[in-house]
Amino acid sequence: MDQVRLNYLFWMLVHDYVTKKKWRLISMRDQEVWLVNEKSKPRQIVRFVRRDLDWAGELRRDVEKAVILFESIRTRLHYREVEGKNIYVSLYPPVDDWEDIQKPLAANKRRKSRVFSTVLTKDEIEKRDLRDLYYSEQVEQLELHTYLLKQQIKHVHELEKEKEKSMFQHGKPYATYFLLVSIAMMFIITEWAGSSTDIMTLIDFGAKYNPRIMDGEWWRFISAMFLHIGVIHLFMNSLALFFLGGVVERMYGTTRFVIIYLIAGLLGSIASFAFNASVSAGASGAIFGCFGALLYFGFVHPSLFFRTMGKNVIVILAINLVFGFVVPVVDNGAHIGGLVGGFLAAAIVQLPKQHRTWKRFVFAIITLIVIASLIAFGWVNEAKMTNVTTELIIGQMYLQDDEVEAAYPHVKRAYEMEPTMPEATFLLSVAQAMNGNYAEALPLLEKTVEIRADFHEAHYNMAVIYTELGEYEQARTAVARAIEIEAKEEYVELERSLTLD
């Protein structure tokens, strides 16, 4: 009868922790239960063991194993520190000395998990403040009540699991699918109009290009989110959006997700404007905003976050950020800006069942301050206005289409940025020559060959200009030098015509 009574008291003690003290069940077996108090700092974990003890040696060996298990659980749940209680429920305490076991133990020198062990007997449990204790001399009645206690504990645990599960089911990813279709359609349109890898096509369709933004085309902060550079870029971002966007939309609901996505994408584009001079496009900033929204969920529900997705989210995020710093062509400014924007946006809209507080207005003000600060920094940061490579590519494309007026500002800007770069001096000379400004073009060509003597195109252009000016001797010298470097057909043709003359 004492054993039956003690079994009942064991489960009554566990029931009290679960239902009244609101500790969460970690694991439950017939004679062993693990619980955690997720509201305490440091985290408290208790292990209840129903075992009749005879000797302290047996208890000591089990305590040593338990201390390692406490540290393992701390690591798995990503708790910084754990205060553990190892409670044995026994009919009698060990017959020999066991006081040394009651001292706090740790698994290693770091002492992140400190475990206290104790033994509770039937009389000690009955002296505790356990309400609704059942007294009966009938074994069947006590066993029935014990069974009911176990079922109630399981029921509370199941309800808690359902509650946690519901946090990930607040919506269906309709907006995610719409965004994926929109991105795919824009990719098809840009390919049809020219090429998604063509810089001019990207600029024409709304890529982030700082000089145009400075001219008032602020809409590029949003339009750039729907453009992608090449099939691989499209595929990788679409895959990330499908998985990350779907998770975030289910957690936050469609309306909140759209707000998070747009704010994150906007802040990512603005951060790119402030720190990156290159033409850029893509949904990466908004996708990193999804990471930010997940981190906000972890900020509100840290225990649930690390029990479910936390470790994977942090590892994938870290890999992407490191990749962005290592690979020069990746726009890490947009990534980090989107990450911060996603976190701030999530803090503004908050989780569906989160209690609304004044803090959301504070986060809204912080978001506006961040946006304004980045725009202001980008406005005065002339070094990040554009880069010489971008300007040369754009200028060359315009020149190839004989659009000299459109090309001139770009090649002129490139020359001003890098006046000793032979490509810059050469393209500016081409623009001047196409406008008939031979007097301005010749010094630029002379500077080009001075910087790079084997620039055969520059020698050839000098020959062409000298020919136009009627200075045939200088033209023959220049074209001869061009042919010496590389005997192109048009070079030879020019030399032959000059010889005939």
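This is a predicted model: local features need pLDDT of at least 70, side-chain atom pairs count only at pLDDT 80 or more; totals for chains, interfaces and linings use all residues.
The volume of the second largest pocket is about 690 Å³. Its lining is made up of 24 residues, and those closest to the centre of the pocket are E38, K39, E160, E164 and H301. Two or more lining residues come from each of the strands β1 (24–28) and β2 (32–37) and the helices α4 (139–166), α11 (284–300) and α12 (302–308). Helix α4 gives the most to this lining, with five residues. Sorted by class, the lining holds 10 nonpolar, 10 charged and four polar residues.

**A nonpolar patch on the surface**

Eight side chains are named in the patch: Y174, Y177, I232, F235, M236, L239, F242 and F243, which together have about 900 Å² of accessible area. Helices α5 (174–193) and α9 (231–252) each give two or more residues to the patch. The most come from α9, with six residues. I232 is one of the patch members and has its place in helix α9. I232 counts as exposed because its relative accessibility is 66%, and the cut-off for exposed is over 50%.

Helix α2 (residues 56–76) contains L59. L59 is classed as buried because its relative accessibility is 1%, and buried means under 20%. From L59 to L227 the separation is 168 residues in sequence and 66 Å in space, C-alpha to C-alpha.

V411 belongs to helix α17 (residues 404–417). With a relative accessibility of 0%, V411 is also classed as buried. V411 and R360 are separated by 51 residues in sequence, and their C-alpha atoms are 47 Å apart.

**Salt bridges**

How many salt bridges does the structure hold? The count is 17.

| Pair | N to O distance |
|---|---|
| E217 and R220 | 2.6 Å |
| R476 and E473 | 3.5 Å |
| R496 and E493 | 3.1 Å |

R476 and E473 sit three residues apart in helix α21 (residues 472–485), which is about one turn of the helix. R476 is partly exposed, its relative accessible area being 29%. E473 counts as exposed at 53% relative accessibility, because the cut-off for that class is over 50%.

R496 and E493 are both in helix α22 (residues 489–500), three residues apart, or about one turn of the helix. R496 is partly exposed, with a relative accessibility of 43%. For E493 the relative accessibility is 43%, and E493 is likewise partly exposed.

Note on methods
Residues are numbered from 1 along each chain as its sequence is written. Side-chain values use heavy atoms; hydrogens and water are left out. On a 1 Å grid over the protein atoms alone, a cavity is a set of points where a 1.4 Å probe fits but cannot get out, and a pocket is an open set with protein on both sides within 12 Å along at least five of seven lines; lining residues have an atom within 4 Å of a point. Grid points are joined across faces, edges and corners, and a volume is the space filled by probe spheres set on the points. Helices (H or I, at least four residues) and strands (E, at least two) are DSSP runs, numbered from the N terminus. Ala, Val, Leu, Ile, Met, Phe, Trp, Tyr, Cys and Pro count as nonpolar, Asp, Glu, Lys and Arg as charged, and the others, Gly among them, as polar. Patches are made of residues with over 30% relative accessible area and no salt bridge: like charges are joined within 9 Å, nonpolar side chains (Val, Leu, Ile, Met, Phe, Trp, Tyr) within 5 Å. Accessible areas come from the Shrake-Rupley method with a 1.4 Å probe; for residues, only the protein chains shown count as cover. A salt bridge is a side-chain nitrogen of Lys or Arg within 4 Å of a carboxyl oxygen of Asp or Glu. Buried means under 20% relative accessible area, exposed over 50%, partly exposed in between (1.4 Å probe, protein chains only).
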